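Student: I would like to go through some labels and see what each one rests on.
Tutor: Then let us set each value against its definition.

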Amino acid sequence: MRFSESWLREWVNPDITTDELSHQLSMAGLEVDGVETAAPAFSGVVVGEILSREQHPDADKLGVCQVNVGGDENLQIVCGAKNAAAGMKVPVATVGAKLPGDFKIKKAKLRGVQSLGMICSASELGLAESSEGIMALPVEATPGQDFRDLLSLDDALIEVDLTPDRGDCLSIAGIAREVSVINAVALNKPAIDVVKAEHDETLPVEIQAPQGCPRYVCRIVKGIDVNAPTPDWMVEKLRRGGIRAINPVVDITNYVMLELGQPMHGFDLAQLADGILVRMAGQGEKLTLLDGSEIALTEDSLVIADHKRVLALAGIMGGEDSGVTDSTKDILFESAFFNPLAITGKARNYGLHTDSSHRFERGVDWQLQVEAIERATGLLIEIAGGEAGPVNEVVSKDDLPSTGQIHLRSERVSQILGIEIEDEHIEQILVMLGMTLDKSAVGWWVTAPSSRFDIALEVDLIEEIARIYGYENIPTNRAVASQDMHPTKEIGFDLLKAKRLLVARDYQESITYSFISPELADILTPGEERIKLANPISADMAIMRGSLWAGLIQAMQHNISRQQNRIRLFESGLSFKQHGGIVQKPMFAGLVSGPVNEEQWDADKRQVDFFDLKGDLEAVLAMTADPASFSFQKAENPVLHPGQAAKVLRNGEEIGWIGMLHPEIEKKFGLGIKTYLFEVELDALSEGKLPAFEALSRFPSIRRDLALVMHEGLDFSDVEKCVKSSASTIVKDIRLFDVYTGDNIDSGRKSLALSLILQDSSKTLTDEEVENAVHGVLSALSSELNVELRD
């Protein structure tokens, strides 16, 4: 909001400078974005009085004026303005004056006639974008008076950036109330007299949507002169507030909005049929707005209508057909309270943003409507004449906002702010802010004013006290707190270290939304019950994710579309399942695709496969110091490729999945490259095993290679498990170094080549000990898995 400092000082005038005022407002939470003067820099312009105007002897469109500028002699000035006339008070740029644009006034001859200055228009002085004719000044202006002083053009225009909860400060009255409280000076609110009704005519009002509009106030004013000029003082105040003057009715409604914060509207009474209806829009209804655009109304839009058509989009903009025109004689003033929830987002839905919607969305004082209509009526009769009718107020009391009491404890104020503020000072601050107080045993029962929608809790009141007391007056102290040391579990899984491990393996961490589209949920978590958001950001973010794979795949799509074909991503976060209620599980997931290595002349150029990702996951699982508790079991998952998918188990319990993305899903996402993923539950990794040191043997190890033939469906994990369970203590390691199918191997069978590493910590092994150990392994494999030694 932009406001004039001089207008503000009509309401409250503390003995502070403009800079001090700006600083006070910013520190009180009303951030000042900028300060500028009311007019661009110019000098040498004074008030002049045109004494006479004669036709130029050699130019039909020019006149020769004699102008009194308060000096010993009158000035002869050639002027081309059509509205220049004897008796007018006008701004005159004298010889030597400097106008905006670095334009300097010099003596000149125009068509042979000497001109000693220039009579200026508002646009030439930078006070308007365009203007027709020279600028007329008030008749009481004194010739020779400095023009800048006359209109207070050195006035500061202060722009404040208000947070959405401070709609009460979108007016001179609201800002003045803040300044009054901060400086503890009196508020000089202008007297608003009740305008006596001169006739009895009213227009019936029916509120059919009381939840959206619980109070509607209107008044008929008859016999106005809509073409009467708006006074210069009002035009200038509107201009400094960023609003262009149009006609007295519109200007007065805008003036009241800037002054008191109540948006208003004026209807042409002749265009209204039978009465006013405040209702929701009907299906198929359309409205041509004041800006000439036509909109198709939605059924959730609150409108003002008569008994034939829609007249206005409530709280946003009026309609063109019922607006005030040059021929309007009688008007209906509207001053209503619209519930913020009924207006919020509606202007944006229609591609609009108005001063009215900006205020109603944030909340307008719901007790201000009658006062505002009295103010507007008085100004209209003063400027454009007319006779006012009675005020017609229709109220749905049950739908008006409530003003409940809030309990404020003095001890709590000290506890939150860290300082002691005297009770008398707290009471002074709250009372000056317009709140009513009732003493309690430990503080006060406080009722906030109707303009403060943002005050509902005790902490809101404490914030108000801190703002006005001054954040700068609250001393900075070092926090005092006990520093209890909490030991870290030595056997706990460290997620940060796991992330660093993957980063060292060329992964990048991804952070994605927990919300996904219904289509994505159907693809990646088929058959699971959806957890739908009540108020989603968009249709594409309407479901809580059941798997972290959704975000990783979308991140991969983003990278592929930017010509990145080597992708390694991981993410930690929550997945959401519906199991008799919403269950949130911390998960850890990863994705790889593309070449194993960055492109380089001496590097392996093969693509990643299942076992590359499995190795990375095994490295993460090994950080529990209990890798033996984890295993992989071949299984089927509708999201993963049949035959390249496995469950991740810990002590036989499923904790996640690993595998290649199903080709059909890969095609749906348009990836065009094989993609491998894993996802495990973090809670299942939380418990680790305490590492124990084992002395290194001083004696040599012995390797025995075995070529084993078995059924092709038998997994190496089963073979490894059998070997470990049957081997003696001297078998230290088992390594798979070859897998073979083909010649000399029967159909339906395969050959695995294993190495057994044998070693004793106390002696060198004998051939007999080695042979006995190997024989025990082979016997167990034969009896349990039907595995044979290959010839």
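Tutor: Buried means under 20% relative accessible area, exposed means over 50%, and partly exposed lies in between, with a 1.4 Å probe and protein chains only. This is a predicted model, in which local features need pLDDT of at least 70 and side-chain atom pairs count only at pLDDT 80 or more, while totals for chains, interfaces and linings use all residues. Residues are numbered from 1 along each chain as its sequence is written, and side-chain values use heavy atoms, leaving out hydrogens and water.

Student: Why does R467 count as buried?
Tutor: R467 has 5% relative accessibility, so it counts as buried; the cut-off is under 20%. R467 is found in helix α13 (residues 458-469).

Student: What makes the pairing of R467 and E178 a polar contact?
Tutor: Their side chains are joined at 2.8 Å. A polar contact is a pair of N or O atoms within 3.5 Å; within protein, one must be able to donate a hydrogen and the other to accept it, and residues adjacent in sequence count only if both atoms are side-chain atoms.

Student: Why is E236 called buried?
Tutor: E236 has a relative accessible area of 10%, so it is buried. E236 lies in helix α5 (residues 232-240), and a polar contact of 2.8 Å joins its side chain to that of R240.

Student: Why is α14 called roughly antiparallel to α17?
Tutor: The axes of α14 (residues 495-504) and α17 (residues 610-621) come within 10 Å and cross at roughly 150°. Angles under 35 degrees count as roughly parallel, over 145 as roughly antiparallel, 65 to 115 as roughly perpendicular and the rest as oblique. Therefore α14 is roughly antiparallel to α17.

Technical notes. Axes fitted to C-alpha atoms, helices over the stretch in contact; angles between N-to-C directions. Helix = DSSP H or I, 4+ residues; strand = E, 2+ residues; numbered from the N terminus.
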